[in-house]
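Please read them with the model open beside you.

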Amino acid sequence: MKTRPCILATLMLTLAAMLCAVQARAEDGYDLWLRYHPLAPEQAKLYRGHAAELIIGSATPTQAVTRSELQRGLQGLLGQALPLSDTITRDGAIIVGTVASSPLIAKLQLDTQNLGGEGYVIRSIVVDGHAATAIVGRSDIGALYGAFHFLRLLQTGQAIDHLDLRESPRIKLRALDHWDYLNGQVERGYAGTSIWDWWKLPDWRAPRYTDYARANASIGINGTVVNSVTSGATILTPAYLEKVAALADVFRPYGIRVYLSVRFSAPIEIGGLKTADPLDPHVQAWWRAKADEIYRLIPDFGGFLVKADSEGQPGPQDYHRTHADGANMLADALAPHGGVVMWRTFVYSQANPDDRAKQAYEEFKPLDGQFHANVLLQTKNGPIDFQPREPFHPLFGAMPKTPLMMEFEITKEYLGFATHLVYLGPLYEEVLSADTMTHGKGSTVAKIIDGSLEGHTLTGMAGDANIGTDRNWCGSDFNQANWYVFGRLAWNPSLSSRAIAEEWVRMTFTNNEAFVKPVVDMMMGSREAAVDYMTPLGLLHLMSPSHYGPAPWDASESEADWRPVYYHRADRQGIGFDRTRTGSNAVAEYAPPVAARFNDLQQTPEQLLLYFHHVPWDYRMRSGQTLWYELVAHYTQGVDDVKQMRETWNRLDGYIDEERYRQVAAFLAIQEKEAQWWRDACIAYFQSVSGLPLPPGYAPPQHSLKYYQSLTFPYVPGVSSW
Ligand code: GCW
């Protein structure tokens, strides 16, 4: 008798604990933006009238995953499972598929012309007197993308009763580049180790691979390069190709193709050849055979990504051949199978004493027109290396006969690693909307990479992934937004980064307006804050050799153009890199009107001032203040902005789950501490060079320059030994 209540109590406690655990698990960030939590009851009720039954096939793997995503999403959001049906039995049917796969859809006679292989329409229609919603693609993948779009409408609280949407991607290859090594390390990775469990592949296909594919498909990403551009050749051995094939099998239903980074010297390392000369027939035959072998295992293999003749990597120049010779040789091996080569232009050499910013253009521009049809040149957004701010890369628009694809960095190598809240949408948008003027006014970078300006159909955008084994995938909840915005902009590079941020906040956290507005504002200002506390007014590359923290004084790197002092050139008189006609003349790589603007001190936007000009400390800025004053003011503003971000977040306690709220709060505290460190260390150093007093009202650095210079940080993450 006595034990019964005790058992009951224990049972209830266990149940409660289990519920808590379930809830906690659900709020650890793993679900990303595909967090199908129940909508507010009145909202759900409204939607249920338009989501009463699901008419969708499952004859192909893609149809099956589309169906299960819709079931999962709608059940989660609306709180009840949707009945599946073959015919329309009531108002509120959702009809999903293609003209080819469904007679019902064929009967609807929707205009699916010009949608391409990945586009879709979403239309509110009336069939046999019943209101319904049609989600239709020309291919299964189009319908899958449409399904994710439909779910997003519900997740973000939009009306779904009068839909008339038509979407197709503006860019063909939308890829994540992983900088992952076979030993599990991730170069510039701040979110744990590699998600690819190579050792257990191909037999164990972790469920995470499927969730990875779902997340990517939901934002239109259709390619993944699974290994780092500086990987060894082992990935091309039969045992590893089998593992890659297993990943490809998981991704295929989601429309994602696998690509590999290949080492140019692979024919020597794993092929037993004596050379990797691209004009050597044995080398050519080796790559052809390798491509054939890959396609036997992975019929829809995407192609190769190559970092050659750059930062110590082997390449065609080892044999006195050009980048075109190298790229074309690989392209010819892939061409019979429909594969492409993404050849990187991130090429510079320490043997070349010229301004590093100029070298990629010098190297590649003369090769325009020499690349085979299935080669894309993958070009970083700026001429140096993913700094908080750089001008757009001068190659955009300079090689009209060659498709240039964009490479953005999603992982925050130079923007605060995992912990700093820096939303990269504004950075991407700034670059994409920059006007190269290469074909007259309106020649934006976006129009060059989407092919519209130069008439290319092979187009691409790649993002260096920020994904790892951390439960939240990206090292912080807000870093997920950078994966998200990359995908959305790759789909349509003219979307607004603010609109994308808002979508993401609503899906990831809540639709509560009192939360959404301040958080979107905070995200939108976050990149400029980082520029201000790290590298304002066109400065860049002021970080330590480990890329963690400030070291503008550093001259310890073996190579001149890895040293911060190479970039800022501060001396008693002034600061900045003279890239004008009287300096390195890097401005000449831009189209004449842009070159003229950057060449002119008065016309150069102040946010790029010290990138293009060496300017005296007492130079009068547009504000009327001196450059020195403005520099200190920007550094201080950056720290103040982070304080403001913390205050905003502090006011938002209670709107979201405790676990994510607390981590963001803790990370913002780290960010404030590090922003202060950046400001103080940089001001202390530049003051030691300029010899000028701090402007009145500005606090001196908290410590001496010596102190900042003495700091060391063993085991900085993201630095791998491959
Ligand atoms: O940004 C730099 C990184 C390297 C990276 C290189 C590149 C993969 O510091 O870690 O190597 O660029 O993009 O090739």
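**Notes on the predicted model**

An oxygen atom of the ligand is 2.7 Å from an N or O atom in the side chain of Lys380. The structure is a predicted model, in which local features need pLDDT of at least 70 and side-chain atom pairs count only at pLDDT 80 or more, while totals for chains, interfaces and linings use all residues. Residues are numbered from 1 along each chain as its sequence is written, and side-chain values use heavy atoms, with hydrogens and water left out.

1. The protein covers 96% of the 340 Å² of accessible area that the ligand has on its own, by the Shrake-Rupley method with a 1.4 Å probe, where for residues only the protein chains shown count as cover.

2. Ligand shell. The ligand is surrounded by 13 residues, of which the closest are Glu187, Lys307, Arg344, Asp385 and Glu413, a residue being near if one of its heavy atoms lies within 4 Å. Sorted by class, the shell holds eight charged, four nonpolar and one polar residue; Asp, Glu, Lys and Arg count as charged, Ala, Val, Leu, Ile, Met, Phe, Trp, Tyr, Cys and Pro as nonpolar, and the others, Gly among them, as polar.

3. Parallel strands. Strand 9 (residues 303-306) pairs in the parallel sense with strand 8 (residues 257-261) over three bridges, and four bridges join strand 9 to strand 10 (residues 340-344), again in parallel. Pairing requires at least two DSSP bridges between the strands, and the elements are DSSP runs numbered from the N terminus, helices being H or I of at least four residues and strands E of at least two. Gly303 is the bridge partner of Tyr259 and stands opposite Val340 in strand 10. From strand 9 the chain passes through helix 10 (residues 323-334) to strand 10 in a right-handed β-α-β crossover, meaning that, with the strands pointing away from the viewer, the path from the first strand over the helix to the second runs clockwise.

4. A buried loop serine. Ser228 is found in the loop between strand 7 (223-225) and helix 7 (238-251), and counts as buried at 1% relative accessibility, where buried means under 20%, exposed over 50% and partly exposed in between (1.4 Å probe, protein chains only). The side chains of Ser228 and Tyr181 are joined by a polar contact of 3.1 Å.

5. Backbone points to check. Most residues other than glycine have a negative phi, and most peptide bonds are trans. The bond from Leu201 to Pro202, however, is cis, with omega near 0°, and Pro202 is in the loop between strand 6 (173-177) and helix 6 (207-218). Phi is near 60° for Asn114, which is exposed at 71% relative accessibility, and likewise near 60° for Met437, which is partly exposed at 24%.

Note on methods
A polar contact is a pair of N or O atoms within 3.5 Å; within protein, one must be able to donate a hydrogen and the other to accept it, and residues adjacent in sequence count only if both atoms are side-chain atoms.
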